[in-house]
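Here is a report on one chain and its two ligands. Read it alongside the sequence and the coordinates.

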Amino acid sequence: MSTFLGLPSAPPVLAPEKLSILYRGSLASCNYDCPYCPFAKRVDPPELLRQDRAALERFVDWAMATTDVRLSILFTPWGEGLTRSWYREAIVQLSHQPHLDRVAIQTNLAARVEWMADAAPTAALWATYHPGQVTLERFLARCRRLDDLGRRYSVGVVGLPEHHADALELRAALKPSVYLWVNAAEGYTYPAEEEARWTALDPRFGDSVRPHASLGKPCHAGETAISVIGDGTVRRCHFIDTPLGNLYDGSWRAALRPRACTNQICDCHIGYVHLKPLALYDVYGAGVLERIPADR
Ligand code: SF4
Ligand code: SF4
């Protein structure tokens with residue numbers, strides 16, 4: 001291909017067919033006080049909340065207008081998003097877009113879930129039960145309401161020894177079809193018998209219990225999955241800082257290509273689920289973002 005000056009022109013930038021986006025704005029406040037979390041009981045100043053809302057609304061406008069790509073979106077706020085109306089509204093609005101395959105959010109499920117009745121079935125929740133912050137009864141009431149509404153959700157716990165009895169009770173009370181995942185606690189080493197008892201609850205606990213050596217291995221992140229922050233900066237994932245471009249000037253499109261990981265390890269589910277040698281897309285299928293295995 002050449003221009004009329006005889007110089008080669010840039011190849012056309014093609015849109016990927018499908019793109020998964022992990023979006024994280026500046027919101028970092030949370031109503032809970034989990035001892036293992038830096039965002040516990042953090043309060044965001046009003047100006048930061050205004051910024052977060054404006055950035056999210058801009059992102060939603062972009063996603064609604066980007067109809068040449070099939071999009072799947074997971075909101076991964078630092079803190080709790082669903083206590084803020086703009087996250088609930090974003091999910092409802094996006095769930096009705098025909099070019100969106102999925103819109104999901106990580107949540108502590110503290111807020112009422114009635115608003116999910118207005119969302120299309122493409123909306124899903126990645127819910128975490130935090131024993132000590134909420135009674136099991138109250139948490140289960142939210143789950144049952146989601147069941148009544150016919151909405152997709154996964155439920156998980158952090159695999160600390162003091163959570164095990166609660167996790168057993170939770171498993172027994174959830175519908176068998178609801179997937180209960182267990183995240184290995186950060187900095188905690190699991191003796192074999194402890195790993196086995198968590199694995200009995202979550203057959204995929206082994207994915208979480210040891211970090212994955214990822215350096216040089218091919219990863220969907222940066223090819224068909226990206227991470228976006230409030231100002232539109234696009235990175236391949238939440239764990240590699242190098243920007244690939246910006247969502248709002250279109251520069252992200254030319255940056256997408258097959259890539260190998262440049263980090264030594266990947267130890268967070270929202271990262272390693274994209275690591276190609278683990279083949280976890282085969283395990284989770286269409287439920288990859290909200291962490292629901294395909295056989296559920
Ligand atoms: S609910 Fe989540 S964000 Fe809030 S304190 Fe607990 S771990 Fe942190
Ligand atoms: S393996 Fe993890 S850290 Fe490496 S590129 Fe993929 S998501 Fe990012």
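The shell around ligand 1 divides into six nonpolar, three polar and one charged residue. This is a predicted model. The residues around ligand 1 are Cys30, Tyr32, Cys34, Cys37, Phe39, Ala40, Gly79, Glu80, Asn108 and His130.

Ligand 2 has 14 residues around it. Cys219, Cys237, Cys261, Cys266 and Gly271 come nearest to ligand 2. The shell of ligand 2 splits into nine nonpolar, four polar and one charged residue.

Next, the chain as a whole. Its secondary structure comes to nine helices and 13 strands. The C-alpha trace spans about 75 × 40 × 35 Å along its principal axes. The radius of gyration is 20 Å; a compact globule of 296 residues would have one near 19 Å, so the chain agrees with that expectation. Buried residues account for 38% of the 296 residues. Take the contacts between residues at least 6 apart in sequence: 64% of them join residues at least 24 apart.

One helix pair deserves a look. How do H1 and H2 run relative to each other? Helix H1 covers residues 46-65 and helix H2 covers residues 85-95. Their axes lie 10 Å apart, and the packing angle is about 5°. Angles under 35 degrees count as roughly parallel, and H1 and H2 are therefore roughly parallel to each other. On the H1 side, the contact uses Arg53, Leu56, Glu57, Val60 and Ala63. On the H2 side, Trp86, Tyr87, Ala90, Gln93 and Leu94 meet them. The residues of this contact of H1 with H2 divide into seven nonpolar, one polar and two charged.

Backbone angles come next. Most residues other than glycine have a negative phi. Lys41 has a positive phi, near 50°, and is not a glycine. Lys41 sits in the loop between strand S1 (18-24) and H1. Is Lys41 buried or exposed? Lys41 counts as exposed, because it has 12 C-beta neighbours inside 10 Å. Leu109 also has a positive phi, of about 65°, and is not a glycine. Leu109 belongs to the loop between strand S3 (100-107) and strand S4 (123-128). With 25 C-beta neighbours inside 10 Å, Leu109 counts as buried.

| Pair | Apart in sequence | Apart in space |
|---|---|---|
| Ser177 and Arg296 | 119 residues | 5.6 Å |
| Glu47 and Tyr179 | 132 residues | 38 Å |

Ser177 lies in the loop between helix H4 (164-173) and strand S6 (180-183). Ser177 has 9 other C-beta atoms within 10 Å, so it is exposed. Glu47 is found in helix H1. Glu47 is exposed as well, with 8 other C-beta atoms within 10 Å.

Conventions
Residues are numbered from 1 along each chain as its sequence is written. Chains are lettered from A and ligands numbered from 1 in the order in which they are written. This is a predicted model: local features need pLDDT of at least 70, side-chain atom pairs count only at pLDDT 80 or more; totals for chains, interfaces and linings use all residues. A residue is near a molecule or strand if its C-beta atom, placed from the backbone, lies within 6 Å of it. Ala, Val, Leu, Ile, Met, Phe, Trp, Tyr, Cys and Pro count as nonpolar, Asp, Glu, Lys and Arg as charged, and the others, Gly among them, as polar. Axes are lines fitted to C-alpha atoms, for helices over the stretch in contact, and angles run from 0 to 180 degrees between N-to-C directions. Helices (H or I, at least four residues) and strands (E, at least two) are DSSP runs, numbered from the N terminus. Angles under 35 degrees count as roughly parallel, over 145 as roughly antiparallel, 65 to 115 as roughly perpendicular and the rest as oblique. Two residues are in contact if their C-beta atoms, placed from the backbone, lie within 7 Å. A residue is buried if 20 or more other C-beta atoms lie within 10 Å of its own, exposed if 12 or fewer, and partly exposed in between; C-beta atoms are placed from the backbone. The radius of gyration is taken over C-alpha atoms; the globule rule is 2.2 Å times the number of residues to the power 0.38.
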